[in-house]
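I opened a new page for this protein.

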Amino acid sequence: MSKHIKTIPLTQIERISIVQGGGRLVSQVKRDTGCDYAMNAGFYGGNGKPTHHLKADGKVLARAPWGCWGFAWNNGADIRMEALPADTRLNYIAGVELLSPMVSDTGSIPYDPKGELGGTRGRTAIAHTGDKLILYCSGDGTRDAATLEEVQGELRRLGAETAIYVDGGGSSQCDFGGGEATRSSRKVYSYLCVWLKPQKEEDKPVNKKVCLDPGHGPGCVNGSPDGSYKEHEFAWDMSQRVRAHLERCGVTVVMTRDGAGYPSLTERCGISNRAGADLFVSLHSNASGDGKNWTSPSGYLIYTSAGPETAARNVAARAVLKRVREAGIAIRGGGLEHNAAYAVLKGTTAPAMIIEHGFHTSREDTALMKTGDYRVKLAEADARGILDFLGLPWVAEKPAGTTDTPAADWAAEAWRKAMGKGVMDGTRPADGVTRQELAVVLDRLGLLD
Ligand SMILES: [Zn+2]
């Protein structure tokens, strides 16, 4: 993503400051100040000095000979559009008015579309809905680059009542945390930094819940014509891989079956509905023809019940397809088809999708789907797309062989020796040992030869 939009309730804001760059990039400023959101803000001239109206922490940094509308505040939560210069306020910033009393009077944005602010560019803007602050930042030279009129329209659709454009092109950059960032190597004069109030336990967002439905179950005959691949086994394995990613990233996962179960389609819907899932994802592989012969149709495909494209189920499907495409997985056609007849799509209250990871009637797809490497790729793409839809960041897996919890003091020395000799892998120091793990340890000590 090269465009990031943060909508922040004013009641959550602890402080807003204009921070001078001093040769720092946005992520450095975010790190140095400990703010929650940082983005470039404010025009500056070729001499590196700010232009227009800018005041930070009571100090006027730039003063234009004319007045205009911009944003002013003392602490942050009180930010609102005011006529600038607003001498009684500790902070203010001006830009190009996108939504202001003047723009609504004239109907047009006061700039020269043929000048240096014109055309399709990366854009940074600040907007206000009345009770929320919106930070908008898109990368220059990306497909999210836009004209000022497009940004104005987008902010208006987001509910903005007032808005200003605070620079763009190569200056556009933001770091909103959790990997949400628009990068640029340009060091700008000033950044807008927003700190949030520490969250109280009851204000924390409720845990997101995903219902994973491994298709079919033991005994189901669906599989490759040569009998070397069973769909239900694949679906179960994929569900465990996707589940691990989602749980690591803080999602609560509800399963419709265990490895041995084979619930009816109605039961599967009931499990999801009773759990109040935010998303239902059914995991499958596809078949064409009578399923008894190798045929040519192939590729990854998602089914949802129906349009429109703006429905949550389709937004979710698109989010997954985007990650699948990025992973280089072959997609069938446009990747998304609708079929309102599928029972799990019809009977679930959550946005629902069926993922067909490939065709087990395709010799090539089957060969891929039988490999662990391909399953790793599929599961990561599925999970990343689901997380994108839920608005949650991807949490990297811990490298194998490391552990957060050190061994207890009395065991530390033996633990270190066991790792050093390769007898144990250094993980889970406080866990019980299974019989098979014990056998491996004894073997590695050479006691079984
Ligand atoms: Zn299936």
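**Entry 1: the pocket**

I sorted the lining of the largest pocket by class and got 17 nonpolar, 11 polar and 15 charged residues. For the classes, Ala, Val, Leu, Ile, Met, Phe, Trp, Tyr, Cys and Pro count as nonpolar, Asp, Glu, Lys and Arg as charged, and the others, Gly among them, as polar. I noted that this is a predicted model, where local features need pLDDT of at least 70, side-chain atom pairs count only at pLDDT 80 or more, and totals for chains, interfaces and linings use all residues. Residues are numbered from 1 along each chain as its sequence is written, and side-chain values use heavy atoms, with hydrogens and water left out.

I wrote down what a pocket is. On a 1 Å grid over the protein atoms alone, it is an open set of points where a 1.4 Å probe fits, with protein on both sides within 12 Å along at least five of seven lines; lining residues have an atom within 4 Å of a point.

Which residues lie nearest the centre of the largest pocket? They are K6, E180, D388, G391 and L392, out of 43 lining residues. The space in this pocket is about 1,600 Å³. That volume is the space filled by probe spheres set on the points, which are joined across faces, edges and corners.

Next I looked at which elements line the pocket. β1 (3–9), α6 and α9 each give at least two residues. β1 has the largest share, with seven. Helices (H or I, at least four residues) and strands (E, at least two) are DSSP runs, numbered from the N terminus.

**Entry 2: the domains**

I found three domains: domain 1 (3–201), domain 2 (209–390) and domain 3 (409–444). Their bounds come from an automatic or database domain assignment. Domain 1 and domain 2 each give at least three residues to the lining of the largest pocket. The centres of these two domains, taken over C-alpha atoms, are 41 Å apart.

**Entry 3: the cores**

A nonpolar core is a set of buried Ala, Val, Leu, Ile, Met, Phe, Trp, Tyr and Cys residues joined through side-chain atoms within 4.5 Å. Buried means under 20% relative accessible area, exposed over 50%, partly exposed in between (1.4 Å probe, protein chains only).

The largest core holds 34 residues. V210, L246 and I302 are among those with the most contacts inside it. Elements that each supply at least two of its residues include β16 (209–214), α4 (231–248) and α9 (372–390). α9 supplies the largest share, eight residues.

Apart from this core lies another, of 28 residues, including M81 and C174.

I then checked I302. Leaving out residues up to four places away in sequence, it touches A317, V320, L321, G335, L336, E337, M353, I354 and I355. Contact means heavy atoms within 4.5 Å.

**Entry 4: two residues**

Is C193 buried or exposed? C193 counts as buried because its relative accessibility is 0%. It sits in strand β15 (residues 190–196). Its contacts, beyond four places in sequence, include R15, V29 and Y37.

G333 is in strand β20 (residues 331–338). It counts as exposed because its relative accessibility is 71%. From G333 to L301 I counted 32 residues in sequence and 8.1 Å in space, C-alpha to C-alpha.

**Entry 5: the whole chain**

The protein chain has 11 helices and 21 strands. Of its 449 residues, 47% are buried.
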